[in-house]
Amino acid sequence: MDDALEATDSGTTWLNASGAQGLQVGSNNVQLNRFGYTPPVVRSSYLEQVRQIAPSTLIGRDAELADLAAFCANDAEHAYGWWRASAWAGKSALLSWFALHPPPGIKVVSFFITARHHRQNDRKAFIDNVLMQLAELLEYRGLPPGLTDSTQEAHLTGMLSAAAAACRQSGERLVLLVDGLDEDRGVTVAPDSYSIAGTLPRRPPSQLKIVVSSRPDPPLPQDVPDDHPLRASCRIWDLQQSADADIVRADAERDLKRIVTTGGVERDILGFVAAAGSGLSIRDLTELINEEEWLVTDHLSSFTGRTFRRVDATYVLAHEDLHPTATRLLGTRLHDYQQRLHEWAEHYRRLGWPAGTPDYLLRGYFRITHSDVARMVRYATDADRHDRMLDHTGGDAVALDETVQAQEALLAFTEPDLPAMCQLALHRADLEERNAKMPLSLPRLWAAVGNLDRAEALIRSIPEDGNRRAVALILLAPEVAAAGHHLRAEVLVAMIPSRLYVAAEEPDKAICAVVRKIAEGGDYDRAINLTQTAQQPFWQARAYGEVAIAAAIRGEDLAQAEALAEQVPMPYWRAQVFAVLMKMAARAGNAGLAARLASRAETEVDNIPKGNDRPIALAFLAEEADDSGDGDRAKRFAALAAKEASALENRLNRIDKLTSIAPRLAEILDQSDLAKLAQIAEMTLNAALDDHQITLEQQIRLVGPTAAAWYTAGDRERALAVTDAVAAPSHRDTALLDLVKVAAGAGDLEHARALLGSFSGSSGRDSALGRIVGTLTGPNADEQIADLVNAIQDRASHASALAAWGYRLAKRGDLQTATELAERAEAVVRSAGDPAGRVALLVPLLSVLVEAGDTERAQAVANRAVEAYQAIPEWLRSDFKLAAFVRASTRAGAHHAAATAAQLIKGPDVRAEAQIDLAISVTQSGERDVALDPLPVRMS
């Protein structure tokens, strides 16, 4: 269906339709129908994780359960309750049992802070999991739109209030339960660290009780305000030791003592797992212990249970509280195991992090470097390691997070190490730079070849600046839905901001695309539910129409699809849905149904008020009728669309609609009629220019489609001439792109190539080649694309073209070649650099290192900087900045870099001054292998 329009919302009318089996509302030819659908709500699986934590039976805690129940139901004085106890007292057992078996009238939303499960011990994990549970409790049909890192906390607060109100209305009480505040790994010494405790509401809504647990120490994090209930007004219980927990603890500790006393392989396994801080695989332990794999496997099998547990392919201690016990029992040996882990990591660092690098060294190891900031910085700035991590994860999100952690560690010192801070900033800039030019369609390509994890990892790496990540999400979400991952697609849609700088309607268009794919997968309830998340009623109606069309595509009874089409709000969209169903009925050989659907489409068009919308709808109906073999009806609709578009009063709307309908009518109207459309559009544009009723931005936007309309009418020369109306070469290039696209879409590669010579520079030509790759049709298109892609000079544009080419192949089933192109696209864009930006970072860093006396690193930075200077076009280099760089490099002893940079200085006087300083320094240092140019001689 057409997607070129947007509508203004004239107002909102509310009515109470609770309990209704159906609803029909109409006003001003806009009709809303709803009949008997009860879409499913979001479902959270978090209770399954709670079941992994909870004991099979809870012994001796009847009094505590009664206290909990009484607090949640009757305590009017306190909103917060805090269970405090030492390790192994049974806090998690008590609260997990309560979460799984709440008393009548209590609804529990819970989160258990733990390192036993992957990424379940920080603020982000808390918000993600609680939001899903609240969405289920509120019966949301999807997560809130516009859900981002910066909006999550506001949504959490709002949904807690809404859920508490919903429970109050049903005579229930909502309880938020958070276990293990002391296990929060998001709490650091940095002033801008954010904790789970600090995220808990300072002024909880009525009917909400919050129950937390922790050890008596450490104290609350610094981001918890002084007037927060956890500090000022909280019901506190001191939990007594559980006899059952004591027995489990005693058994586990007895095992630990036996392992430490026995020594050998068993003690090595315990030592390395305790020192690692996260899971180690059998292969990891085999390398570290230097024993046969079967022997390590046998030992783990013999005592896995009370002491160790398996998480995916790794082994960890069976309980977090076993770690301090193991640490105490291992004593000084623990340091030896930590040192051997560091040596293991250094071994792989010296090897350059080869393809077989253990996963632990890329994911878990960084955590144990925190006690040694120098080591932490070294690994957080190791480009080779982060390249290998990129191969493993598909993105740089983890690497970027490591640089932030290292910066926070440095800032904790009274006098931070400025050279190290600069080194981190430079490396972070490198990581951000290689993602800043990532093709926004590349995550979609990875999803198309079946690698959804890599697609989502790339999304997390793309910067949010300029809505780049949002645009990538808009492209990715429908592809994920098409792969059958409907819930993941909904989550991606929820991450798209509700308003974008690029175009306000794009988030709603993405919802329409995802709805279509979900409905094509047969999940009509979920698809209908998702239609309601569109912000504008116009796009909600479009989305509902997609459900009806998807039902027909799936081969459902067309009568069922017609019934769905009847419920589409707005005649503009109903007409188009009926037209699509008409075409399907005609192709199925059901002439009677096709005729009836055509009549219904025509009736709906008549219900659209004359104006901007009707010509587009009429052109769509004409195109569908022509595809159905109903030529007479097609010509009638086409003539009417042309007549009404030509008569629009507003000049800009007239141009917009004439140029929009021309390509739809290309196969229906003859060229003379198409030429009339193009001529009216051009004349209207010229009149608007003459009367100064059009802005430059509007002119640029409309000239290209007007030129394309002339191409569609068969007049190539006139089409090219129209673009001359734009004076600035770069703006004319924008108009020429529309011409290239329409020619490539028509399979006219010869003319599309000929147009390349009309562009003002290589940037415009590269963009044009990319358009050709994305839209070229014809029998030999695939064979010609390779040459087109290879002709693109700009690396970012080249990578985008590779992604577009790969997506074409993936949709045709050639997943192997498409995957290879995705890998090529990533490699190309990650090798692309911004030399001027690199210089802007390196030169200040060089000065800092020189002042700090760090000669070795200063010389390394100078060498990198001069390479970047050489890559900058000559006309962009500043002689004075180059001279300053020569002096700084000279002070650092980087004489070769200084000599190379001096040769880049164009002005003879500036170059001579820089070379004199360099020559003096070289002479004093005694270096004899520095090549100095002769000083320029000025003739009198």
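Tutor: Of the 940 residues in this predicted model, 50% count as buried, meaning under 20% relative accessible area with a 1.4 Å probe, protein chains only. Local features need pLDDT of at least 70, side-chain atom pairs count only at pLDDT 80 or more, and totals for chains, interfaces and linings use all residues. Residues are numbered from 1 along each chain as its sequence is written, and side-chain values use heavy atoms, with hydrogens and water left out.

Now the core itself. A nonpolar core is a set of buried Ala, Val, Leu, Ile, Met, Phe, Trp, Tyr and Cys residues joined through side-chain atoms within 4.5 Å. The largest one holds 145 residues. Leu-442, Leu-445 and Leu-665 have the most contacts inside it. Helix α25 (residues 537–553) supplies the largest share of this core, 11 residues. Helices here are DSSP runs (H or I, at least four residues), numbered from the N terminus.

Take Leu-445. Leaving aside residues up to four places away in sequence, Leu-445 touches Ala-803, Gly-806, Tyr-807, Ala-810, Ala-818 and Ala-822. Contact means heavy atoms within 4.5 Å. Across the protein, among contacts between residues at least 6 apart in sequence, 69% join residues at least 24 apart.

How values were computed
Helices (H or I, at least four residues) and strands (E, at least two) are DSSP runs, numbered from the N terminus.
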